[in-house]
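Trainee: I would like to learn how to read a protein model step by step. Could we go through one together?

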Amino acid sequence: MIHEKPDFLIKEGKINLKTLQKNHLGIEQFRAKLRESNILSLLDVNEVVFETEGELTIIQKKEKEDSYLLVNNGDILEDNLKEANHDKKWLEQELAGLGHSEIKNIFCAEYTPNRGFCIIDMDGSILNQQQAPENKEPVALFFFPELCIKE
């Protein structure tokens with residue numbers, strides 16, 4: 001697959017959903033491509049470029065941990081939830097505690113133990129949030145108001 005020019009899939013903390021869709025990449029396929037490069041979490045990525053020949057160039061952060069895609073396009077991924085040693089009730093409570101009570105409005109939710117959730121809403125906004133261990137109040141690690149790249 002040859003493209004005219006490279007496209008950023010992720011740049012400066014923004015995910016370009018249009019580029020994902022244009023290149024027929026779902027979030028599961030995208031995460032699989034990242035795993036091929038030994039990247040296990042969206043939280044480990046600074047930038048991703050979809051190159052003209054269809055390959056990904058990935059600029060990653062330094063720390064890595066296992067992560068689990070628990071929501072994909074508004075649907076709970078039961079097998080991944082089980083692999084993460086949690087259940088649907090736990091996920092619903094955690095997401096509700098982070099202000100996301102409607103799972104159908106979540107494009108994807110990735111969970112990384114000890115780091116929390118990377119949540120992307122249906123508009124492409126990335127919300128990296130984590131539960132505070134003692135008081136169970138949500139703590140925003142990063143919030144960017146305009147995260148979806150507009151073309």
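Mentor: Gladly; we will go from the overall layout to single residues.

Mentor: This is a predicted model, so local features need pLDDT of at least 70 and side-chain atom pairs count only at pLDDT 80 or more, while totals for chains, interfaces and linings use all residues. Residues are numbered from 1 along each chain as its sequence is written, and side-chain values use heavy atoms, with hydrogens and water left out.

Trainee: How many helices and strands does the protein have?

Mentor: Helices (H or I, at least four residues) and strands (E, at least two) are DSSP runs, numbered from the N terminus. Here there are four helices and 10 strands. Along the sequence they follow the pattern β-β-α-α-β-β-β-β-α-α-β-β-β-β.

Trainee: What percentage of the residues is buried?

Mentor: Buried means under 20% relative accessible area, exposed over 50%, and partly exposed in between (1.4 Å probe, protein chains only). In this protein, 45% of the 151 residues are buried.

Trainee: Which residues of helix α2 are buried?

Mentor: Helix α2 covers residues 27-36, and its buried residues are Ile27, Phe30, Arg31 and Leu34. Looking down the axis of α2, they fall within an arc of 95°, so they line one face of the helix. That arc is taken from the directions from the helix axis to the C-beta atoms. The cover over these buried residues includes β1 (7-11), α1 (17-22), β3 (45-50), β4 (56-60), β5 (68-72) and β7. Just after α2, Asn38 has a positive phi of about 65°.

Trainee: Which residues touch the most other members of the largest nonpolar core?

Mentor: A nonpolar core is a set of buried Ala, Val, Leu, Ile, Met, Phe, Trp, Tyr and Cys residues joined through side-chain atoms within 4.5 Å. The largest one has 23 residues, and Leu9, Phe30, Leu42 and Val48 touch the most other members. Two or more residues come from each of β1, α1, α2, β3, β7 and β8 (116-121). There is also a second, separate core of 16 residues, with Leu70, Val71, Trp90 and Ile119 among them.

Trainee: What is Leu42 in contact with?

Mentor: Contact means heavy atoms within 4.5 Å. Leaving aside neighbours within four places in sequence, the partners of Leu42 are Ile10, Ile27, Phe30, Leu34, Cys108, Glu110, Cys118 and Ile120. For the protein as a whole, among contacts between residues at least 6 apart in sequence, 52% join residues at least 24 apart.

Trainee: In what order do the four strands of the open sheet lie?

Mentor: Strands of a sheet pair through backbone hydrogen bonds, either parallel or antiparallel. Two strands count as paired if DSSP finds at least two bridges between them. In this open sheet the order is β2-β1-β3-β4, with antiparallel pairing. At the edges stand β2 (14-15) and β4, each with a single partner strand, so one side of each is left without a neighbour in the sheet. The antiparallel pairing of β3 and β4 runs over five bridges, and Glu47 has Ile59 in β4 as its bridge partner.

Trainee: How many salt bridges does the structure hold?

Mentor: Side chains of opposite charge can pair when their charged atoms come close. A salt bridge is a side-chain nitrogen of Lys or Arg within 4 Å of a carboxyl oxygen of Asp or Glu. The structure holds three.

Mentor: One joins Lys22 and Asp7 (2.7 Å, N to O). Lys22 lies in helix α1 and Asp7 in strand β1, so this pair ties together parts that are 15 residues apart in sequence. Lys22 is partly exposed, with a relative accessible area of 46%, whereas Asp7 is buried at 7%.

Mentor: Another joins Arg31 and Glu110 (3.1 Å, N to O). Arg31 is in helix α2 and Glu110 in strand β7, so the pair ties together parts 79 residues apart in sequence. Arg31 is buried at 7% relative accessibility, and Glu110 is buried at 0%.

Trainee: Which residue forms a salt bridge with Lys104?

Mentor: The partner is Glu102, with the closest N and O atoms 3.9 Å apart. Lys104 is exposed at 56% relative accessibility, and Glu102 is partly exposed at 41%.

Trainee: Where is Asn105 found?

Mentor: Asn105 sits in the loop between α4 (88-97) and β7 (106-112). With 43% relative accessibility, Asn105 is partly exposed. Not counting residues up to four places away in sequence, Asn105 touches Asp121 and Met122.
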